[in-house]
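Student: I would like to go through the terms used for this model and see how each value meets its definition.
Tutor: Then let us take the structure and work through it.

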Amino acid sequence: HPNPTQQLDFKRFSSEALKEYLRAERDVLREITPDVPVTTNFMVMGGTKGMNYPDWADEIDFVSNDHYVHPGPQDRDELSFSANLTSGIAGGRPWFLMEHSTSAVNWQPVNVAKRPGDLARDSLLHVAHGADAVCYFQWRQSAAGAEKYHSAMVPHAGEDSDLFRAVVALGDTLKTLAPVAGSERETAPVGIVFDWESWWASEQDSHPTSLLDYRQEALDWYSALLALGVRADVVTTRTDLDRYRVLITPVLHVVPADLAKELTRYAENGGHLVTTYFSGIVDENDHIWLGGYPGALRDLLGIRIEEFGPLLAGDTVELDDSTTGSLWTDRITVTDPETDVLAAYRTGAHAGRPAVTRRPTGSGSAAYVSTRLGAEGLTALLPRLLAPAGVESELPGDARGLVETAVRRGPDSRFLFLVNRTDGTVPVTGLAGEVLVGQADADGALVLHPRGVAVLRQPTA
Amino acid sequence: HPNPTQQLDFKRFSSEALKEYLRAERDVLREITPDVPVTTNFMVMGGTKGMNYPDWADEIDFVSNDHYVHPGPQDRDELSFSANLTSGIAGGRPWFLMEHSTSAVNWQPVNVAKRPGDLARDSLLHVAHGADAVCYFQWRQSAAGAEKYHSAMVPHAGEDSDLFRAVVALGDTLKTLAPVAGSERETAPVGIVFDWESWWASEQDSHPTSLLDYRQEALDWYSALLALGVRADVVTTRTDLDRYRVLITPVLHVVPADLAKELTRYAENGGHLVTTYFSGIVDENDHIWLGGYPGALRDLLGIRIEEFGPLLAGDTVELDDSTTGSLWTDRITVTDPETDVLAAYRTGAHAGRPAVTRRPTGSGSAAYVSTRLGAEGLTALLPRLLAPAGVESELPGDARGLVETAVRRGPDSRFLFLVNRTDGTVPVTGLAGEVLVGQADADGALVLHPRGVAVLRQPTA
Amino acid sequence: HPNPTQQLDFKRFSSEALKEYLRAERDVLREITPDVPVTTNFMVMGGTKGMNYPDWADEIDFVSNDHYVHPGPQDRDELSFSANLTSGIAGGRPWFLMEHSTSAVNWQPVNVAKRPGDLARDSLLHVAHGADAVCYFQWRQSAAGAEKYHSAMVPHAGEDSDLFRAVVALGDTLKTLAPVAGSERETAPVGIVFDWESWWASEQDSHPTSLLDYRQEALDWYSALLALGVRADVVTTRTDLDRYRVLITPVLHVVPADLAKELTRYAENGGHLVTTYFSGIVDENDHIWLGGYPGALRDLLGIRIEEFGPLLAGDTVELDDSTTGSLWTDRITVTDPETDVLAAYRTGAHAGRPAVTRRPTGSGSAAYVSTRLGAEGLTALLPRLLAPAGVESELPGDARGLVETAVRRGPDSRFLFLVNRTDGTVPVTGLAGEVLVGQADADGALVLHPRGVAVLRQPTA
């Protein structure tokens with residue numbers, strides 16, 4: 001088995017070497033076309049993890065990203081998550097959606113077509129999270145070659161097609177949204193930390209389990225917040241974390257001493273930190289923080305773990321709050337009498353022991369979730385984690401879970417995006433503002449068609 | 001991704017290069033043994049698709065084939081299909097079964113033994129479809145070496161064995177069938193076109209779905225015809241298609257302009273064409289026929305498809321005739337008011353839209369099946385596709401589906417083969433002719449034992 | 001396909017070449033440290049089959065072995081089987097457990113922790129089967145490197161941990177067991193032959209089935225004996241087989257002429273031989289014994305098989321004693337009228353034919369099991385196979401199946417190990433002897449805690 005510290009360093013080296021290549025090309029362009037901004041298309045999407053994009057973002061004039069949908073139960077949550085993370089990488093400033101598809105791609109095992117409304121919704125979700133441009137691969141669907149079955153703005157069927165008409169309609173919508181261009185994202189009440197170092201390190205080999213999926217765990221927390229209608233920003237460890245009332249750090253595996261201090265200070269100063277299994281385990285050299293897990297965060301969380309309890313594929317444990325854990329458990333001992341046990345294991349090797357804990361500290365708190373609850377379980381648990389921070393959905397109760405919200409803020413306006421997550425019609429009542437996109441019914445409620453999008457402009461100042 | 005036109009050309013080149021090698025060897029043999037006919041063993045069996053055998057058949061004096069059973073729900077249908085296709089490649093003339101097994105082989109993950117009756121039935125099915133010789137690998141089962149667990153005419157147990165006795169009995173049957181030797185196949189009412197170019201092209205990468213199985217689709221149509229007791233010839237695009245009252249072209253993906261014209265003329269002149277999803281899409285260079293699918297056959301079929309609707313593995317859609325589709329759907333618009341919708345989608349993205357259509361043209365028609373119905377669904381659908389041509393089973397009602405028929409025609413006799421597809425006894429009444437193989441009961445009905453075969457000789461004028 | 005005789009020879013050559021390397025190193029050590037005994041760590045564990053350890057054992061001063069648990073339904077049976085086989089390889093003399101884990105390892109897909117009691121039970125099971133030492137990898141769990149998540153005697157959590165306390169407690173137990181050191185194993189009533197040559201040869205390619213698992217079949221017989229509470233020794237073909245009242249030879253595929261004679265003599269002299277499918281098929285050159293299977297054992301067993309009947313994955317057949325067979329069947333003809341049919345097939349291709357037979361011969365018998373019954377089916381069948389030898393469990397009825405027994409015998413004492421196979425408490429009554437390890441309740445019954453171990457010392461004359 002290779003040396004894991006060297007493996008982690010090689011990942012850093014590889015990202016750095018590719019970044020050097022980007023800088024070399026950028027420098028040439030800056031010299032010969034100094035007035036043309038430079039960007040490169042990131043791939044914040046699925047499992048692409050070789051490039052530490054937060055570390056790349058400073059090298060270009062603006063961020064741009066490629067995104068393609070992979071069919072699955074959380075496919076549009078993943079689209080939103082990727083767009084949201086791209087915004088986090090861009091520091092909340094506008095960015096470009098550089099590549100996207102109008103419908104099917106050609107490189108998946110089965111390339112499903114988009115349904116009516118998907119084209120506009122998928123594109124406008126990117127705009128909602130900061131995209132100032134929407135570009136597609138490809139303009140006219142090629143009649144020959146390897147990409148001839150990849151969708152385009154003009155399909156094989158030609159301009160007399162529903163697909164081309166949907167592209168033209170989206171163009172009209174984007175024209176209407178011209179005032180949004182240049183606006184930045186408004187900080188959400190909740191932040192989810194997505195950390196390339198922890199992604200790399202937590203999925204190395206010779207670990208307690210090879211089934212851990214760093215990005216899926218982060219996505220599950222994001223899906224749970226969407227299900228509750230609570231707006232969240234996906235951010236990186238370079239972000240000013242104090243802006244968030246609740247900070248979720250799923251599988252924050254790599255915690256150097258400075259980060260441990262920062263998170264401790266965050267909680268003591270009134271922030272509400274939530275972290276999970278396999279967090280705080282190693283320093284920046286992938287060396288274990290000894291004395292009991294989760295080493296770097298042990299005192300902050302007020303717990304001590306003597307041994308990990310990974311679960312075999314297919315195995316689950318029940319918690320006493322009726323949620324179900326998989327993948328991982330911990331053998332937790334509460335070390336600080338102030339630490340509350342929010343949920344305990346009801347079954348499994350640790351039955352009767354804590355599963356979810358929270359320790360009050362200063363004017364904030366630090367919570368720990370020791371198993372994988374999945375989007376559904378986290379949706380059940382989250383209200384108890386958000387309550388101390390007073391965080392609730394900004395949506396009317398009927399719309400929570402059905403509608404995703406995102407907010408961009410310009411010099412004198414706030415742009416509220418409302419995206420129908422469902423295949424049914426959803427009315428949304430009680431929201432003020434000028435309807436830029438979308439329509440209201442006779443009672444003044446915004447009516448979101450299946451997979452539809454509305455945008456409200458709300459004056460500020 | 002490699003260039004698909006070049007990939008297709010490389011397949012042609014490879015087949016051609018191997019054929020050149022065959023010709024070189026043949027030419028040597030013709031020079032030194034001019035009186036000995038030349039053949040080579042084809043592998044019309046399962047997924048062997050590298051050699052375009054219809055294109056090879058002219059190079060040899062007679063066709064011969066290897067066939068081994070792969071256990072599965074359609075294993076004997078596949079045996080019949082391969083034998084039938086070999087006959088099509090041989091232009092209906094007699095051929096040799098060059099390699100076959102008396103029982104188990106040794107190269108599958110599990111090598112199951114044949115049941116009593118399989119040995120004779122499997123061999124005589126080849127004879128029914130034109131084989132004038134039945135040869136086995138191997139004579140005496142080897143005591144050592146890699147093939148020592150491959151069955152033989154004389155097994156490890158020796159001559160005192162059921163297996164050897166079955167081989168001897170088959171020899172007696174073949175002697176009885178001597179009058180059949182040299183006879184050709186009698187054209188069936190239905191033809192199924194099996195086209196190597198479409199096989200190669202439809203399964204290339206970067207397609208709407210990687211799950212498409214060209215040969216399985218053709219086999220499912222064949223199984224459905226067997227289930228209905230309707231005799232069909234498996235033919236190639238080199239065959240004179242006008243001989244068939246109904247012509248089925250499953251996934252006829254590659255349709256050069258000339259073939260489109262030929263099929264149009266076929267239908268106008270009274271033929272009944274049936275084709276499926278992903279047919280008529282590209283020309284001989286794998287270039288898309290633009291303007292809407294199925295390009296080359298769009299006008300003939302009277303429909304237009306703007307976008308393919310492949311289904312994820314495991315996904316299905318219901319049709320309003322109670323059949324179930326998988327693998328593929330199309331978003332069909334009827335463009336000719338004469339086109340009939342024979343079945344529509346009841347569920348899925350295209351619910352309410354046409355699933356199966358037929359357009360009358362001249363004195364014939366052209367039908368389109370836009371999803372994979374499988375052998376069972378096609379069995380339900382086929383009667384409506386065969387009706388306009390007046391095609392029905394030649395068998396008495398009780399025997400349909402239980403018995404496969406094949407006919408060879410000599411100078412003054414017609415040889416009707418009846419093969420029991422089941423593991424039960426099947427009586428067949430009302431057939432005229434001299435019983436060459438098989439036996440009749442007291443009432444004069446032919447009695448087919450489980451997996452049994454009978455042959456009737458019927459004098460022709 | 002490669003030549004199977006050469007493949008088998010290459011396996012022999014490889015084992016021999018590695019053994020030469022061991023001898024070369026040993027000779028150096030004997031020269032420079034003549035007073036220090038030499039050993040090397042064997043890997044009698046799971047699928048490690050490259051080294052023919054019975055053939056290696058004579059080269060070293062004492063045998064030592066590595067063992068790690070693979071989670072699964074038979075994981076502790078496998079641990080016991082491996083320890084038992086190691087004892088067989090060591091000729092019943094004491095050996096060392098050179099590598100073992102206190103809890104999780106780091107190289108499986110998911111590395112589960114041991115439960116309370118596992119550490120002591122797993123280690124003492126090795127002692128029960130002859131280990132005079134228990135060593136762990138690793139002393140102090142490393143803070144860095146590829147093995148940092150492998151358990152140790154001192155975990156990351158430090159000395160203040162349940163794991164370290166369990167290690168210390170085991171040390172105390174081993175001190176108590178000092179009188180056991182040096183004692184040898186007491187011959188059990190049943191022997192299971194594990195033969196490297198048959199392991200190698202039976203799993204070669206181009207066989208009737210690729211699903212045959214030689215070691216699993218042997219393990220299933222072992223599990224069945226554990227379920228009945230009958231003590232068995234796992235032995236090699238180098239063992240004096242006459243010591244066993246019942247000798248089970250699962251898949252004894254390679255039977256040279258001498259071995260066939262030895263087994264025949266064994267049965268005639270009062271031994272009760274039990275063998276299975278695919279036994280007696282080839283000689284030492286992997287050449288078939290012709291004339292009908294199982295060639296070398298055909299006359300001894302009084303049966304003849306014309307053809308193997310391997311079953312497809314997932315297929316099963318029912319026997320008329322309510323057991324279920326998988327993997328394999330045989331088409332058996334009884335050739336000796338004395339041969340009894342103990343069970344027949346009720347379903348499948350051989351319905352009505354014999355499935356399990358036994359032929360009396362001399363004062364013993366020879367039985368044949370033609371299908372894979374699995375541990376459960378063998379547990380049902382075994383009493384009928386053990387009855388002629390009068391073999392029964394030495395345990396009180398209540399404890400059978402719940403407790404594993406093993407016996408070591410010293411100069412003046414017999415050490416009876418009792419190992420709780422279950423997760424519940426098991427009382428064992430009626431056993432005499434001094435309690436070295438374990439405790440008795442008020443009524444004098446030994447009380448085995450979940451996964452607990454007791455050791456009784458019984459004086460011998």
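**Values against definitions**

Tutor: The end C-alpha atoms of residues 403–458 of chain A lie 18 Å apart, and the span is 0% helix and 59% strand. Helices (H or I, at least four residues) and strands (E, at least two) are DSSP runs, numbered from the N terminus. This is a predicted model, where local features need pLDDT of at least 70, side-chain atom pairs count only at pLDDT 80 or more, and totals for chains, interfaces and linings use all residues. Residues are numbered from 1 along each chain as its sequence is written, chains are lettered from A and ligands numbered from 1 in the order in which they are written, and side-chain values use heavy atoms, with hydrogens and water left out.

Student: What is the UniProt annotation that covers residues 403–458 of chain A?
Tutor: An unreviewed UniProt entry gives "domain: Beta-galactosidase C-terminal" for residues 403–458 of chain A. UniProt positions are given in the numbering used here, feature names are shortened, and annotations may be inferred rather than shown by experiment.

Student: Which residues of chain A carry the trimerisation annotation?
Tutor: In the unreviewed UniProt entry, "domain: Beta-galactosidase trimerisation" covers residues 188–391 of chain A. Over residues 188–391, chain A is 25% helix and 26% strand, with the end C-alpha atoms 10 Å apart.

Student: What rotation superposes chain C on chain B?
Tutor: The rotation is 120°, with 0.0 Å of shift along its axis and an RMSD of 0.0 Å. C:Gly314 is the residue of chain C that comes closest to the rotation axis, at 12 Å (C-alpha).

Student: How many residues does the contact take from chain B and chain A?
Tutor: It takes 29 residues from chain B and 25 residues from chain A, where contact means heavy atoms within 4.5 Å. The area buried between chain B and chain A is about 2100 Å², and carbon and sulfur atoms give 55% of it. Buried area is the accessible area (1.4 Å probe) that two parts lose on being put together, summed over both.

Student: Why is the pair A:Asp162 and B:Arg331 called a salt bridge?
Tutor: The term requires a side-chain nitrogen of Lys or Arg within 4 Å of a carboxyl oxygen of Asp or Glu. The side chains of A:Asp162 and B:Arg331 meet at 2.3 Å, N to O, so the pair is a salt bridge. Between chain B and chain A the count is two salt bridges.

Methods: Least-squares fit on C-alpha atoms with pLDDT ≥ 70 in both.
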